[in-house]
Amino acid sequence: MTTIDARASDDGAGTHSDAGTGAGEPGTLTGWLSARSDDDLVRLLDLRPDLAVPLPGSMTVLAARAEQRASVLRAADDLNTLEFAILETLAANGAFGGDRQDSPLSRARLFEALADRAPVPAVEAALHRLIDRALVWGTETLFTVAAAPDALPWQLGATTELPDALTEPEIETALREIGGTERALLDKLATTGPRGRTRDAAPGTDPDRPVQRLLARRLLNPIDDETVELPPAVGQVLRGEPVTDPQTLTPPLPRQREHTAADVNAAAAGEVGELLRHSDDVLEVLSRMPAPVLRAGGLGVRELRRIAKQAGVDEARVSLLVEVLAAARLLDKGIPDPPPDGDTGEDHWAPTIVSDGWLTGPAARRWTVLAHAWLELDRFPWMIGLRDVNDKPLAALSAELRSAHAVPDRRAILAVTAEYPPGTAISGADVARLLAWRMPRRRRHFRIEAVERTLAEAAALGILGRGALTSAGRALLHGTVADAEAEMDAALPEPVDHVLVQADLTIVAPGPLTPDLRERVELVADIESAGAATVYRIGEGSVRRALDAGMTAAELHQLFTAHSRTPVPQSLTYLIDDVARRHGRLRAGMAQSFVRSEDPALLAEVLAAPVAGELALRAVAPTVAISQAPLGEVLEHLRAAGFSPAGEDSAGAIVDLRPRGARLSTRTGERQAWRPTPPSTEQLRLLVGELRAGEKAARSRSGQRVRSDGTRTSTAAALALLQLAVRVRRPVHIGYVDAQGVATQRIVEPVRVAGGQLDATDPDTGAIRHFTLHRIASVALVE
């Protein structure tokens, strides 16, 4: 292993001294932390919040926590390759400080060791980040934590030594040239562990054996006569991970594709239109027929295929949509109202009542709800259909898709795209390589396939356009939801208030219609094709649907006359008039239900038809008949028999009897995973103040001391000592246990003892503090 002799520096900086360690304790983290400013300690606790839980009683406790292996590993998760190179260089030279100090490393020697592979400003910035995290400490003489070698994402020496390893192109070429047996052996090592035992590793073995052929191509490294090891880079290529090189201390430069910001936003706006339309279709399908929840949770493959077929959307897109809709609470599981046909009381996936308001909202706001839900989704939708450990496909909405890494990984991927100017697109493979350099300990999270699928989801949701982050996506990532909505509203095309009626009874909407016009057009016509321009078709059934909803023939004529930029064809006028002439001549109401008509001959025709027996119709007057069947069933059977009835209420007005679809009235789904709220800067400052007070108390010299053991005698003695301190105005050193059971030590100046409480002044801030007497464990006068 390469080491650096730091003791012979020309400027003497490598000599062991008290510089930068503080409190007269050279080479100790405790002394260095004591000398740090309050702002430095606040920054440390912000970067490593686990150090403050529970509140450390002294700098010694804080330093011990900062050097614990588990805490060091957590703090190292976000370090980049250059920062690990600094840690490895210090560890390789034994610069651990304290009892483990071997050969302390000077700052000048550290920079000299890395100068040929990284620019000095980059090394300086990386060193500051490590110092902020207390993974490195000192000024001219530098030290690192003892657990630093355990935190390295590769073996100690990978950065300080220069191994002769294959490059990524050489590995890919060699993998193409080997046979199936050799490839199977490498895949096994890549998935189970890099080392394997075999007799074929011994010298003199037949060179045609698979292991010997792999050794010859350097796809395996020999350890001893019975052990071989898979090189890290080969394993990364086999697993689809970006290849990391510990020797490369500068970040890779992605290839950039340039587009205009307007072009990117326009492409995303088109995707948003498709996203909202497909979401509407999926909710409509599940509204008509809710999908049963699997016994193990989630949405079954058969139901997913049914939804995809009925909505006219491919299965992969439906998988993403149901995940996002469920995250936005527009879709949930429970017992819907009304329950599905043949309901057995089991849970179903169905739209929630929240979806009704969302469906009628502005397009930009509807997009914001979906995009923000996806960004904060603690699941990986792209994993749907992949095989689990039992070789079973992962189901949509199943618990197996949940991961604590989903949100940070997704944000990290999008954050890379946000670093470049608007309109700049970079490939998923380049994003993966850059993230692997920045976070080598988490490189397995950023497999190229995972990054590419995440970016594909972002593109499907309109957060990316042409591979670049949109203005709305940038606002969603780094701004507020309101900012994102405003950006998307500006990118979406303006709604149009007109249509083009064609002679073949089709209606062309040249853009997104205004909400009111869209609702009325969709009531009287069926969508034939959707896109930037939507084509509707009018038929007898769609016109009857509008009449059933309460519209009149005059209102339908007025709709097309007012909003069509083309002349209304005569065939449409005839169609509306013909359907309206027959519509409503026969009226059905509730008796359970009744049927009436102003034309006695028409009612007699109905009573003579077979449908009268099916509905058990009975005439009560020449123009009125009644039935015990529900009104909806009466209308359905009469229409199937060739009649054109209309529903009416008790006042004789036409009622809209279209099915409303199933809805969930309450949020019965699983709650989102709980995420702790990080402490604010002000809270961290209070914690640092408590730590300083405890440190001051620990260093003070105590005079007369009374320790309370809960007995009446000891309590009286502690109370008498506090009253004495009030009279003679002497500061005291108290041990206090708060309501959470946390014990602290502090120095205070007693002011008053009364009502079971000690009122005292904090000598550092001058603020009055209150302490419950029975929680004071010890009292001592300060010398």
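Which residue stands opposite L142 in β3?

Author: The model is a predicted one, and the account below should be read with that in mind. L105 is the residue that stands opposite L142 in β3. L105 belongs to strand β1, which covers residues 105–106 and pairs with β3 in the antiparallel sense over two bridges.

Strand β3 itself runs over residues 141–144. It has another partner, strand β2 (residues 136–137), and this pairing is also antiparallel, over two bridges. Here W137 stands opposite F143 in β3. The strands β2 and β3 form a hairpin with three residues between them. In that hairpin G138 takes a positive phi near 115 degrees.

Is β3 covered on its faces or open? Both faces of the strand are covered. On one side are T141 and F143, on the other L142 and T144, and all of these are buried. A residue is called buried when its relative accessible area is under 20%.

Next, a pair of helices. Helix α5 spans residues 81–92 and helix α7 spans residues 120–132. Two packed helices are described by the angle between their axes and the distance between the axes. For α5 and α7 the angle is about 75 degrees, and the axes are 9 Å apart. Angles of 65 to 115 degrees count as roughly perpendicular, and α5 and α7 are therefore roughly perpendicular to each other. On the α5 side the residues that meet the other helix are L82, E83, I86 and L87. On the α7 side they are A122, V123, A126, L127, R129 and L130.

Salt bridges come next. A search of the whole structure finds 47 of them. One joins R306 and E303, with the closest N and O atoms 2.8 Å apart. Both residues lie in helix α14 (residues 301–311), three residues apart, which is about one turn of the helix. Both R306 and E303 are buried.

Another salt bridge joins R438 and E419, the closest N and O atoms being 2.6 Å apart. R438 lies in helix α19 (residues 428–438), while E419 lies in the loop between α18 (406–418) and β11 (424–425), so this pair ties together parts that are 19 residues apart in sequence. R438 counts as partly exposed because its relative accessibility is 26%. E419, at 44% relative accessibility, is also placed in the partly exposed class.

R447 and E449 form a salt bridge too, with 3.4 Å between the closest N and O atoms. R447 has a relative accessibility of 24% and so counts as partly exposed. E449 is partly exposed as well, with a relative accessible area of 35%. Elsewhere, salt bridges that share partners join E540, R544, D578, R581 and R582 into one network.

Finally, the chain as a whole. The protein chain has 31 helices and 28 strands. Of its 783 residues, 48% count as buried. Among contacts with a separation of 6 or more, residues 24 or more positions apart account for 66%. The accessible surface of the chain comes to about 37,700 Å², and 52% of that belongs to carbon and sulfur atoms.

How values were computed: Residues are numbered from 1 along each chain as its sequence is written. This is a predicted model: local features need pLDDT of at least 70, side-chain atom pairs count only at pLDDT 80 or more; totals for chains, interfaces and linings use all residues. Side-chain values use heavy atoms; hydrogens and water are left out. A salt bridge is a side-chain nitrogen of Lys or Arg within 4 Å of a carboxyl oxygen of Asp or Glu. Helices (H or I, at least four residues) and strands (E, at least two) are DSSP runs, numbered from the N terminus. Buried means under 20% relative accessible area, exposed over 50%, partly exposed in between (1.4 Å probe, protein chains only). Contact means heavy atoms within 4.5 Å. Accessible areas come from the Shrake-Rupley method with a 1.4 Å probe; for residues, only the protein chains shown count as cover. Two strands pair if DSSP finds at least two bridges between them. Axes are lines fitted to C-alpha atoms, for helices over the stretch in contact, and angles run from 0 to 180 degrees between N-to-C directions. Angles under 35 degrees count as roughly parallel, over 145 as roughly antiparallel, 65 to 115 as roughly perpendicular and the rest as oblique.
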